[in-house]
Each structure stands twice: as structure tokens, then as C-alpha cells.
Amino acid sequence: MEKTKQSDFRHIGNKLLNWYKTNARDLSFRQTKDPYKIWICEIVFQQTRIAQGLGHYNNFVQRFPDVKTLAEADENEVLLYWKGLGYYSRAINVHKAAQQIMNDYNGVFPHEYDEILKLKGVGKYTAAAVSSICFGGKIPAVDGNFYRVLSRIFADDFDISSSKAFNYFSELAHLILPENVGDFNQAMMDLGSEICKPKNPLCSECPLNEDCLAFSLNKVSEFPVKTKKVKAADLELKYYFVHRNGQFLIQQRKDDFIWKKLFEFPPEISDDLIPFIKSVKNVSHKLTHKNLSIEIFNVEVESEEIWHNFITQNNYIITDVEGSHEKSFPKPLENYIQNYETAYRIL
């Protein structure tokens with residue numbers, strides 16, 4: 001029965017491949033089968049649109065062209081070259097995974113899906129993508145594009161927020177899987193981002209519209225089904241931008257909470273600094289599962305003695321605007337520094 005079902009739908013995957021041959025996006029990382037570069041691009045574009053992230057990807061692999069270079073790099077430099085992509089834990093993970101490849105695989109990128117999956121920060125989607133594109137693995141790289149396309153093709157109302165969604169849609173994908181799984185996975189990415197979009201899909205241009213049950217039923221907008229919503233938690237943060245004569249104080253965050261290993265302003269000050277508070281700026285910032293309310297106090301220290309005492313007691317790092325460009329900050333704090341830089345230049 002399974003073989004019959006698979007043969008019934010395999011033509012859909014082949015039709016998608018034919019479309020991909022003439023409609024594939026001309027992207028630099030598609031000119032290589034280097035597993036290192038495919039891995040990096042898959043990590044970069046997990047949370048970043050290709051149009052926004054392509055330049056960052058190119059800069060990253062230019063600076064770190066192979067596993068060995070990345071593994072031997074300083075973590076702060078890796079974070080610096082990840083600047084602008086957000087979700088900095090990804091940068092920390094690729095750095096650790098590169099070291100893992102050097103130590104556990106003698107510097108050779110693992111070929112098997114199960115081994116790729118062991119790398120730090122690598123999930124089932126990324127392992128499937130690298131395996132299929134670089135080593136001919138027969139595994140669908142199931143992600144949001146797969147959920148959307150498959151649920152529409154089969155008018156399937158399986159809840160994509162379910163913990164069982166990945167396995168369910170992986171089985172569904174196998175029904176249409178062609179021989180060339182690497183190109184098929186990339187074709188699904190292109191179809192999902194360019195044609196079968198979450199909103200206002202271009203169904204009239206879709207190569208699979210004749211096979212799409214949701215399209216024939218005029219119910220495309222009803223799929224995919226997602227009932228579970230994660231409510232974002234509210235979080236309040238307070239920072240003190242302590243500065244004097246063009247210099248300001250920072251510290252590096254730990255890796256046990258948001259913005260791991262990024263740099264930040266002091267989260268508290270001593271009582272003798274309170275008289276030097278000039279103003280406060282309120283900033284709202286959204287993370288995936290958190291709504292941040294941030295207060296940033298502008299503390300311009302007029303006393304050199306108090307300035308040095310505060311630094312000595314707390315071991316803060318002294319930097320200036322130029323020096324801050326060599327470090328990675330959370331976006332709200334980076335914006336604050338940019339505004340300070342503008343104001344300071346005017347003065």
C-alpha cells in the first residue's frame with residue numbers, strides 16, 4: 001500500500017524538480033557542494049531572509065573559509081562577524097561545532113546524517129539539508145516551507161505546532177520524494193519563499209497547482225493549520241550608560257540567558273553615581289518569546305575619582321565608540337551607542 005501511495009504522488013516531486021531547473025534562484029552558495037559552506041548558510045538563513053543575510057554570509061565565509069579557520073578563531077571575533085544576523089547563540093554554536101569537527105572528526109566534515117546531527121546547534125532540518133545537498137542523502141529537509149506546501153497540496157489539517165509535526169510531514173514528504181533529494185529540498189525552499197508564501201501565495205504561477213487539493217477546493221488560505229500559540233513573556237531590563245570624556249563602560253554577558261556572550265552596559269551603579277544621571281531612554285524590543293522593556297540611563301560622570309573607583313570595584317571594560325565597533329552588542333544597545341556617537345561628534 002505504501003509503495004502504491006508513493007508511486008501515485010512521486011510525479012509531484014519530479015514536477016517540482018523540472019520547475020526548479022529553470023526557476024532556481026541564482027545564489028552564491030548553490031555553486032558549491034562544500035558541506036562547511038552549506039552548513040553555515042543553512043544556519044544563517046534559519047532566522048534570516050536570504051535577501052537580508054546573503055551579504056553577512058559572504059563576509060562570514062570569506063573571513064572563516066573552512067572548519068579549521070573557524071575552530072581556531074576567537075569567539076568574540078566570530079560573534080563580531082555574526083553582527084547584524086541576531087540570534088547570536090547560533091554563532092556560538094557554529095564555533096563550538098567547528099571545534100567539535102576538528103577534535104572528533106579529524107577536521108573532516110561528517111558525511112552521514114546521524115553524525116552531522118551530533119554537531120552542536122545542528123537540528124534535523126540542517127542535518128538533512130547538508131546530507132542531501134552534499135552527500136546525496138535521501139532525507140527531506142523539513143521546515144516551515146515543507147509544512148506549508150505539503151499541507152496545501154494534501155489539504156492536510158495536521159497541526160504544525162504539534163510536537164509530532166516534524167515526523168508527520170517527513171512521512172508525507174517521502175510520498176513525493178524524487179531521486180535527487182538535494183535539489184528537491186532546495187526547490188521546496190524556493191517554492192515556499194517565492195510562490196507558496198504564507199500570505200498572498202501566487203497560486204496561478206505555482207507548478208504544482210494542478211496537484212494542490214487546497215487550491216482546487218479554494219481553501220489555500222486555511223492551510224497550514226496552527227492552533228498553539230506561545231505567549232511572549234514580558235521582561236524588564238535596566239542599563240546604565242556610564243561615560244566620561246568619550247569613553248564608556250561595558251561588560252560581557254554570560255551564556256546562561258538571552259544575548260549570550262554579547263557585550264552590555266552596567267546593569268547597576270553605585271550610589272555616588274546617581275547624581276550624574278542626565279536622562280533616561282525607554283526602549284521596547286521583541287525577541288522570539290520575550291517582549292523587552294528596557295530603561296537606559298545616561299550617566300555622565302564628572303568626577304574622575306568616582307569614575308575610577310567605580311571601574312576598579314566592578315572590573316568593567318573601558319571602551320569608546322571606535323572600540324565598540326569591534327564588539328557585538330544587543331541591537332537596542334548598539335542603537336544607543338550609534339546615537340551617542342552622533343551626539344558626541346556634534347559636540
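Author: Let's start with Ala187, which counts as buried because its relative accessibility is 0%; buried here means under 20% relative accessible area, exposed over 50% and partly exposed in between, with a 1.4 Å probe and protein chains only. Before going further: this is a predicted model, where local features need pLDDT of at least 70, side-chain atom pairs count only at pLDDT 80 or more, and totals for chains, interfaces and linings use all residues. Residues are numbered from 1 along each chain as its sequence is written, and side-chain values use heavy atoms, with hydrogens and water left out.

Ala187 is found in helix H11; helices (H or I, at least four residues) and strands (E, at least two) are DSSP runs, numbered from the N terminus. Leaving aside residues up to four places away in sequence, Ala187 touches Leu16, Trp19 and Tyr20, a contact being heavy atoms within 4.5 Å. Lys21 is 166 residues from Ala187 in sequence, yet the two C-alpha atoms are 8.8 Å apart.

Now the helix itself. H11 has 15 residues and reaches 20 Å from first C-alpha to last, close to the 21 Å expected at 1.5 Å a residue; the expected span is 1.5 Å times one less than the number of residues. Twelve of those 15 residues are buried, so H11 is largely enclosed by the rest of the structure. Among the buried ones are Phe184, Met188, Met189, Leu191 and Ile195, but also Asn185, Gln186 and Asp190.

The twelve residues of H8 (124-135) should span 16 Å at 1.5 Å a residue, and the end C-alpha atoms are 15 Å apart, which agrees.

Stepping back, the chain holds 15 helices and six strands, and 47% of its 347 residues count as buried. Its C-alpha trace spans about 80 × 50 × 35 Å along the principal axes. Of the contacts between residues at least 6 apart in sequence, 67% join residues at least 24 apart.
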